[in-house]
Amino acid sequence: MSESRPRAFITEKGESLVELTLGEAMELQEMRFCRVSPTTQAGLWRVSDVTRVGTAVVGETVLHVVPKTPIENLVYMASSGRRHISVGQHLVDHDGERAFPAALARAFLLEVQRATRRGLVKGYEETHESASVMRGRWDVSRQLAVRPGLPLPLEIDYDHFSDDVPANRILHTAIRALRAVDLSRGVESIRLQLGMDFLETGLVPRGMPLPTVVITRLNEHLGPALMLARLILEAVSWTHREGVRRGGTFLLNMATVFESFVAERLRALLEPKGLRVTPQDRRWWLDTQRVVAIRPDMVVETHVPTSVADTKYKVLTDGSGGPPSGDVYQMVAYALALNVRTAHLIYVSGDVVSQIIRIPSARVDVHVHAVSLAGGLDDLEAEMARLAKVIAAPE
């Protein structure tokens, strides 16, 4: 990213006034992660309802979206709290306007470096090819379909043991994608070295969904790195999917980060209590005919559901301290569909006030939680422990 480009700053929460050309304002609006509206002053635009953090390049201007969450906490949440990953204090203390993308990139690269210190994970990959020598299994049906009546070459299948496995392909793709991020010289040198380490590993083609990686005891040490890799790829490639092609754009969806973090921490905290947390549960329907599907962020259950929860990372501006009526209606519907008496709405503090909304006609209590993302990592973990204690309490 060129340092000669003009830079502007917008905050994740509230409104920001930014000087943009008409073309830049239109391009920013087309990205659809914020609301852009004119002011009475020519060339000055109001930016609000921001849903992503990072950097966005529009025209010749670099926009830095300043997160409302401390950088260290944000990176910790992005890895779903699996490991306390240092973000590098110098990145926070200096040049803070670009701290978040650089800090996340640094955390990811150092985590990959740590996880691959003893070499890349290897595994068996099923290979299909044409060959003149028999090895593995002969695919007779494919042989007849491709070259009927011809004995050679043979269509064979075999398992190849290599480091070109889905987990490594995801990591390699994220390492390559970070070329679009403005990194310090030291962090860039780590990226280049890792690129050499993954040289024999393939990439996930642009536009293709990332492969599913099953975490086992053999690759569990890659868990935090894979989590960060998926977020980095989404942050770098999101604008390309939306039709905007600007190098240097790095926009992370904080709603996704918040939802994944809360689900992962509650799963880890509630499992020892005999409770299972199922995120994005697709098993449920509102009606008996299965016409109206519902998809709660989290279902808490033993052998049957005990409660249901939804995370809401949104900016609320009415000042009442209460959740939007639509959110409450949604949770009552979820509770009735799952036949539970308790539902939980989980917001970021500053948006709502913690409270219990009782709906006697439905016999449902909606617990509204305001989770603070400020403070240190110990404070953040204390918030999660408090939330898990309430959810685990009997009705």
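Residues count as buried when their relative accessible area is under 20%, as exposed when it is over 50%, and as partly exposed in between (1.4 Å probe, protein chains only). The structure is a predicted model, in which local features need pLDDT of at least 70 and side-chain atom pairs count only at pLDDT 80 or more, while totals for chains, interfaces and linings use all residues. Residues are numbered from 1 along each chain as its sequence is written, and side-chain values use heavy atoms, with hydrogens and water left out.

Val-291 sits in the loop between β11 (276–279) and β12 (298–301). The names of such elements come from DSSP runs, numbered from the N terminus: helices are H or I runs of at least four residues, and strands are E runs of at least two. Together with Leu-286 and Val-292, Val-291 makes up a nonpolar surface patch of about 270 Å². A patch takes in residues with over 30% relative accessible area and no salt bridge; like charges are joined within 9 Å, and nonpolar side chains (Val, Leu, Ile, Met, Phe, Trp, Tyr) within 5 Å. The areas themselves come from the Shrake-Rupley method with a 1.4 Å probe, and for residues only the protein chains shown count as cover.

Helix α2 gives quite another picture. Seven of its eight residues are buried, so α2 is mostly covered. The buried ones are Ile-71, Asn-73, Leu-74, Val-75, Tyr-76, Met-77 and Ala-78. After α2 comes Ser-80, with a positive phi near 60 degrees.

What does α2 pack against? One partner is α9, with the two axes 8 Å apart and an angle of about 65 degrees between them. Here axes are lines fitted to C-alpha atoms, for helices over the stretch in contact, and angles run from 0 to 180 degrees between N-to-C directions. Angles under 35 degrees count as roughly parallel, over 145 as roughly antiparallel, 65 to 115 as roughly perpendicular, and the rest as oblique. The helices α2 and α9 are therefore roughly perpendicular to each other. Their crossing is left-handed, a label used if the near helix is turned anticlockwise from the far one by less than a right angle, whereas clockwise makes a crossing right-handed.

Helix α2 (residues 71–78) also meets helix α11 (residues 377–392), their axes coming within 10 Å and crossing at roughly 50 degrees. That angle makes α2 oblique to α11. This crossing of α2 and α11 is right-handed. Leu-377 belongs to α11 and, at 12% relative accessibility, counts as buried. Leu-377 and Glu-72 are 305 residues apart in sequence, yet their C-alpha atoms are 7.8 Å apart in space.

Charged side chains come next. A salt bridge is a side-chain nitrogen of Lys or Arg within 4 Å of a carboxyl oxygen of Asp or Glu, and by this rule the count comes to 16 salt bridges. One of them joins Glu-381 and Arg-265, with the closest N and O atoms 2.9 Å apart. Glu-381 lies in helix α11 and Arg-265 in helix α9 (residues 254–270), so this pair ties together parts that are 116 residues apart in sequence. Arg-265 has 14% relative accessibility and is buried.

Another salt bridge pairs Arg-35 with Asp-49, again with the closest N and O atoms 2.9 Å apart. Because Arg-35 lies in strand β3 (residues 35–38) and Asp-49 in the loop between β4 (44–48) and β5 (52–58), the pair links parts 14 residues apart in sequence. Arg-35 is partly exposed, with a relative accessible area of 48%, and Asp-49 is partly exposed too, at 40%. Arg-32 lies in the loop between α1 (22–31) and β3, and at 59% relative accessibility Arg-32 counts as exposed.

Then there is Arg-283, which forms a salt bridge with Asp-281, the closest N and O atoms being 2.5 Å apart. Salt bridges that share partners join Arg-276, Asp-281, Arg-283 and Glu-301 into one network.
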